[in-house]
Amino acid sequence: MPRIYTRSVEVTPEAIDANGHVNNLEYLRWMQEVATAHSAAQGWPVERYLATGLSWFVRSHFIEYVSPAFEGDTLSIYTWVKGMGSRSSPRRYLFWREHDGKAIARAETLWVFVDMRTGRPHQVPPELRDAFPVIPTDDEALSELGLAANV
């Protein structure tokens with residue numbers, strides 16, 4: 001079970017906007033995809049959430065764009081759980097361009113655990129909480145990735 005989940009993506013022509021760099025919506029899509037993949041890797045695929053009638057919903061996204069990404073770039077997307085409250089969990093992301101070792105973007109999503117029948121927040125069950133190790137600071141995550149001096 002990885003504390004920090006990594007997925008690599010190659011920027012395709014479809015990801016490029018009118019300004020010639022990766023469209024903002026692509027970052028959001030990649031954030032959701034990598035969070036879902038990390039959850040599955042921790043034993044919580046979408047099907048398991050659906051079976052319980054409980055799931056994570058986005059409350060907010062924050063993205064800080066550090067440098068543009070372009071067609072053909074290979075990006076590593078790192079994600080980790082920053083905290084686990086009784087009904088919500090912040091998740092961090094780092095977008096890293098491989099060929100020059102540059103941070104492209106940093107982001108955070110606040111996920112709220114919700115009862116799908118009522119649409120109301122629900123307590124995070126202990127078995128779900130236990131599946132996700134918390135990395136409370138970016139410094140700790142970056143150190144674990146060996147990137148602390150480079151970001």
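Two strands count as paired if DSSP finds at least two bridges between them. Helices (H or I, at least four residues) and strands (E, at least two) are DSSP runs, numbered from the N terminus. The model here is a predicted one: local features need pLDDT of at least 70, side-chain atom pairs count only at pLDDT 80 or more, and totals for chains, interfaces and linings use all residues. Residues are numbered from 1 along each chain as its sequence is written, and side-chain values use heavy atoms, with hydrogens and water left out.

**Exercise 1. Work out how strand E4 sits between its partners.**

Step 1. Start with E4 and E5 (residues 102–115): they pair in the antiparallel sense over ten bridges. Arg91 stands opposite Thr109 in E5.

Step 2. Look at the turn. Four residues lie between E4 and E5 in this hairpin, and Gly101 there has a positive phi of about 60 degrees.

Step 3. Now go to E3 (residues 74–81), which pairs with E4 in the antiparallel sense over seven bridges. Here Thr79 stands opposite Tyr93 in E4, and a hairpin of six residues joins the two strands.

Step 4. Check the cover. Nine of the ten residues of E4 (88–97) are buried, where buried means under 20% relative accessible area, exposed over 50% and partly exposed in between (1.4 Å probe, protein chains only).

**Exercise 2. Describe helix H1, from its cap to what covers it.**

Step 1. Take the length. H1 (residues 24–41) has 18 residues and reaches 26 Å from first C-alpha to last, close to the 26 Å expected; the expected span is 1.5 Å times one less than the number of residues.

Step 2. Check the ends. Asn23 caps the N-terminal end, with a side-chain oxygen 2.7 Å from the backbone nitrogen of Leu25. Just after H1, Gly43 takes a positive phi of about 95 degrees.

Step 3. Find the buried side. Among the buried residues of H1 are Tyr27, Trp30, Met31, Val34 and His38. An α-helix has 3.6 residues a turn, so residues three or four places apart point the same way.

Step 4. Name the cover. It includes E1 (5–10), H2 (46–52), E2 (54–65), E3, E4 and E5.

**Exercise 3. Is Gln42 buried or exposed, and what does it touch?**

Step 1. Locate Gln42: it's in the loop between H1 and H2.

Step 2. Gln42 counts as buried because its relative accessibility is 2%.

Step 3. List the contacts (heavy atoms within 4.5 Å). Not counting residues up to four places away in sequence, Gln42 touches Met1, Pro2, Ala131, Phe132 and Pro133.

Step 4. The Gln42 side chain reaches the backbone oxygen of Ala131 at 2.6 Å. A polar contact is a pair of N or O atoms within 3.5 Å; within protein, one must be able to donate a hydrogen and the other to accept it, and residues adjacent in sequence count only if both atoms are side-chain atoms.

**Exercise 4. Which residues have the most contacts inside the largest nonpolar core?**

Step 1. Define it: a nonpolar core is a set of buried Ala, Val, Leu, Ile, Met, Phe, Trp, Tyr and Cys residues joined through side-chain atoms within 4.5 Å.

Step 2. The largest one has 32 residues, and Tyr27, Trp30, Trp56, Tyr93, Phe95, Leu128 and Phe132 have the most contacts inside it.

Step 3. Trace the suppliers. E1, H1, E2, E3, E4 and E5 each give at least two residues to this core, and H1 gives the most, with six.
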